[in-house]
Amino acid sequence: RQPDVPGNKFKLKLKVEQGGESSESELVVEIRWLGLTAHVSNLDEAVEQIRYIASRDEIAKIQRAKKKKREDLFREFWEERDPSSHTAENELMDEYYKRVRYSNEKFGTFRDGWKTAMGMIFILFGPPDDIEVSHFSPPDGRSYQRWHYYTVNRAFLFVDYNGFGDYELLEPYYSPYGSARR
């Protein structure tokens, strides 16, 4: 059967019987698209996940397209952003979807981690250079995290309003003078 999307997994089982003896073995095979990162396992989801770097028009165009054309448009989207088109890999696409996967693993709560504020910032900027954590800070008793990105002179303040680790972006700011506003 031809897979519809990459990441389809199949389990092959082999049982050999000979002379009253039998032996069994199984192997899991995963089918992926050539030329796409191994971190993409569902095209529709992958298209939705580019919303931090794609325009609404680009996403809508891909989503409206029929199945085969959708795949072609998705590939074109990433080919236009390939930092080294002379290589087989698209390093930017691979890094982007690694960050999506990491965000899902680390920042997911009642929604996928890539859809959270921390997930968005992590996907766009990568790991922070420094993290300040304040647990149950007075006067409101909430937990805060401030992520610092020194190379781009940015900091992001997150607050956990409900106490369940679902941090929201409270204060994005940029200081051209290197001092953070508090």
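Predicted model: local features only at pLDDT ≥ 70, side-chain atom pairs only at ≥ 80, totals over all residues.
The protein chain contains five helices and six strands, and from the N terminus on its elements run β-β-α-α-α-α-α-β-β-β-β. Of its 182 residues, 36% count as buried, and the chain exposes about 12,000 Å², of which carbon and sulfur atoms supply 49%. Among contacts between residues at least 6 apart in sequence, 38% join residues at least 24 apart.

Strand β5 (residues 154–160) is mostly covered, as six of its seven residues are buried.

Helix α5 (residues 117–125) likewise contributes buried residues, namely Ala117, Met118, Gly119, Ile121, Phe122 and Ile123, and it is followed by Gly126, whose phi is positive, near 85°. This region is in contact with Arg99, which, leaving aside its neighbours within four places in sequence, touches Phe122, Ile123, Leu124, Phe125 and Gly126. Arg99 itself lies in helix α4 (residues 91–107), where its side chain makes a polar contact of 2.9 Å with the side chain of Glu95; because its relative accessibility is 18%, and buried means under 20%, Arg99 counts as buried.

The count of salt bridges comes to 14. One of them joins the side chains of Glu48 and Lys115 at 3.7 Å, N to O, and this pair links distant parts of the chain, with Glu48 in helix α1 (residues 43–48) and Lys115 in the loop between α4 and α5, 67 residues apart. Glu48 is partly exposed at 32% relative accessibility, and Lys115 is partly exposed with a relative accessible area of 32%.

A further salt bridge is formed by Arg111 and Asp166, whose closest N and O atoms are 3.5 Å apart; here Arg111 lies in the loop between α4 and α5 and Asp166 in the loop between β5 and β6 (167–174), 55 residues apart. Asp166 is buried, with a relative accessible area of 8%, whereas Arg111 counts as partly exposed at 26%.

Within helix α4, Asp94 and Lys98 form a salt bridge with closest N and O atoms 3.6 Å apart; because the two are four residues apart in the helix, they are separated by about one helical turn. Asp94 counts as buried at 17% relative accessibility, while Lys98 is partly exposed at 34%. Finally, Lys15, Glu17 and Glu24 are linked in a network of salt bridges.

Methods:
Residues numbered from 1 in each chain as written. Heavy atoms only, no water. Buried < 20%, exposed > 50% of the residue type's maximum accessible area, 1.4 Å probe, protein only. Polar contact = N/O pair within 3.5 Å; in protein donor to acceptor, adjacent residues only side chain to side chain. Contact = heavy atoms within 4.5 Å. Areas by Shrake-Rupley, 256 points an atom, 1.4 Å probe, with all protein chains shown as cover. Salt bridge = Lys/Arg side-chain N within 4 Å of Asp/Glu carboxyl O.
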